[in-house]
Amino acid sequence: MRRIKEAMLTFPSFCWLFFFFIVPACLVYILAFKTADYTGKILPGWSLETFYSLFDSRSISLTIRTMWLSILTTGISIFIAVPLSYYMASCKKELQQKLLLSLMIPLWSSFLVRIFAWKVVLHPEGLVKTVLVFIGIIDEQTILLYNDIAIVIVMVYSYFPFAVLPLYSTASKFDFQLFEAAMDLGATKRKSFFSIYLPVIFPSILTASLMVLIPAAGAYVIPEIVGGNGAEMLGNTIVRRVFLDNNLPEASTLSLLLSVVVLIPAIVIATWKASHTSQIKGYS
Amino acid sequence: MAASIHFERVSKCFGSAMAADNVSFQVTGGSFFSILGPSGCGKTTLLRLVAGFDTPDQGRIFIDGQDVTHLPPHKRPVNTVFQNYALFPHLTVRENIAFGLRIARKDSSHIVREVDKMLELIQMEAHADKWPDQISGGQKQRVAIARALVNKPKVLLLDEPISALDLKLRQKMLLELDLIHDEVGITFLYITHDQTEAMAVSDQIAVLHRGKIEQVGRPCELYESPRSSFVAAFIGDTNFLDGTVDVSVEKDYSQLHIEDFPPVLCFNDKKLSPGELVHLSLRPEKLRISREKPADHPLHNALKGVVEDVVYQGDHTKYWVRIGGYRLGVTQQHGRFLLDTQQITWKDEVWVWWHADDSYILERYDASDEKLIEAPSEKVGENEENEESKCEE
């Protein structure tokens, strides 16, 4: 009886997931095993032809580039989010609320608008460049826009709030008396941060990484707007295959590749967390 | 040699609250020293000052003769057992105990040896590889003690270490603590709000009230000759009567004038002169109760009253006797049970009597002093276990 009730409760969401996620994804993956002519018409019969194109040097370097940029984005985001969430959790309750709100408010405005805003900020005559040149960190010739730096900056900006949220929720549950215990046992403040705080919140560092890595790897709009000609990522290539080359099978293959690339770390992390939950109960 | 602790006129404020007010006392090396006080009296603050989590606004603290007032926690020769244990959730029991030695970069064979010794001391060998959330409260407590002791501190600080356990376990752990103290022989500084706990294990107790030390002494000193009405009320049960010193009788005795009472004779060890306001403290177990008028004795006081309440407790009975404006508690130890003797019961007219040496007088300064007495000792320690932490915030 209880099982039936549970099933009924999950039924709507399951339907939604099935029809709007699993079915379309499968359609895309099926298309990957087809070929198309130059008009975009899908040809009958099955083929692995599109998969061969994955192994040319362009595709490989594109994949590596995408991974590199998204891992870099993830790394920087975590690097910012860990101390930020620690700080948020350790300050007063009212301030916590305000900081959390200030993190969320930008998300209320349009994603596109925010990215175009970055275009203005990073512009050769924009604020950041002017200030950096003035301080002397970069010279006049350095370009901040339409390259990988711009992509990473904007991706970090866009996705690191998603890393802060899980980290903050763990940090706010953290028992700060553990620091006192560690210091009491001879650890310095720094040492207790690295030997107590980081290991305890490690599971949510993994969660936070996924929260950044997945959207970053699939980024399309950001490289399209602030990236230059040579600065495309997998997402842009997929779009080009669809709209310029009229080749849905090749686009599908790239999508499949992207799914796999993202799925591997996700599975690794999920497995690790499953095997370590007993010790980190309450902190995951 | 075991290390002493010395507080020298230490004060500490949190906002407007005085958590420690000009506190001075000395802890003898190797002793089991308790700081006892009601919730929010600042006892945890004193411990945190010794541990180094807080620094005093004024005054100095010495451990083993060394001024540690401004030393950071990790440089002090003390270790703490926290009230909520504060075990590291990502480390096993064994790793928790080894933490301090790891930090000190001891070599691994030494660590293994020392940790094994500790596991044996706390009888947790079988649970060495469990995570903290897989063991019970009492076991966590023992791990917390081992984690502190393995570093061979000069002083072990215990912050209400057993208050989170249930009664039976509390008594067992208290005994174990005492055994461990005997075994390791270092100084224990024990914080508690529970007077029975403190009385049971301590060599010395400091009674703390509103950030001030009221009295330091051996358990029996505090019980038998409390220096203030607060100590008298906080340690054990007592009856307070408000009186005025009247005429002196013989050399060391005085008659007290108490409203509604005939003159009461009392040992006047404090040499108070006639006219001074006093509290007369009468411990319930020092009072006798009977239906018949007791034989006259020059040093006995006998008062007539009516029994208002009887609480039978097996080994003793507690009577509440109305005499004038007071309700005196009297405990009567049971002797042989005889069916034909009629026990004292409700509404009986009885005599309550005591020897003049069994009561003691405490100076009464002003109206606020009376308030101190109203802090009933029974209430403390039952349901206010978390109050102490609130006072720190």
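User: What share of the residues in chain A is buried?
Analyst: In this predicted model, buried residues account for 29% of the 284 residues in chain A.

User: And how many helices and strands does chain A have?
Analyst: Chain A has 12 helices and two strands.

User: What box do the C-alpha atoms of chain A fill?
Analyst: Along the principal axes, the C-alpha atoms of chain A occupy a box of roughly 70 × 70 × 35 Å.

User: Of the contacts in chain A between residues at least 6 apart in sequence, what percentage joins residues at least 24 apart?
Analyst: The figure is 72% for that set of contacts in chain A.

User: Turning to the interface, how many residues of chain B are in contact with chain A?
Analyst: On the chain B side there are 20 residues, in contact with 20 residues of chain A. Both β6 (78–81) and α2 (93–103) of chain B contribute at least two residues to the side that touches chain A.

User: Which element gives the largest share of that side of chain B?
Analyst: That is α2(B), with three residues.

User: How do the residues on that side divide into nonpolar, polar and charged?
Analyst: The side of chain B that touches chain A comprises 11 nonpolar, seven polar and two charged residues.

User: Which domains does the assignment give for chain B?
Analyst: The domain assignment of chain B lists domain 1 (5–224) and domain 2 (237–373).

User: How far apart do the C-alpha centres of these domains lie?
Analyst: The C-alpha centres of domain 1 and domain 2 of chain B are 40 Å apart.

Conventions
Residues numbered from 1 in each chain as written. Chains lettered and ligands numbered in written order. Predicted model: local features only at pLDDT ≥ 70, side-chain atom pairs only at ≥ 80, totals over all residues. Domains from an automatic or database assignment. Helix = DSSP H or I, 4+ residues; strand = E, 2+ residues; numbered from the N terminus. Buried ≥ 20, exposed ≤ 12 C-beta atoms within 10 Å, placed from the backbone. Contact = placed C-beta atoms within 7 Å. Nonpolar A, V, L, I, M, F, W, Y, C, P; charged D, E, K, R; others polar.
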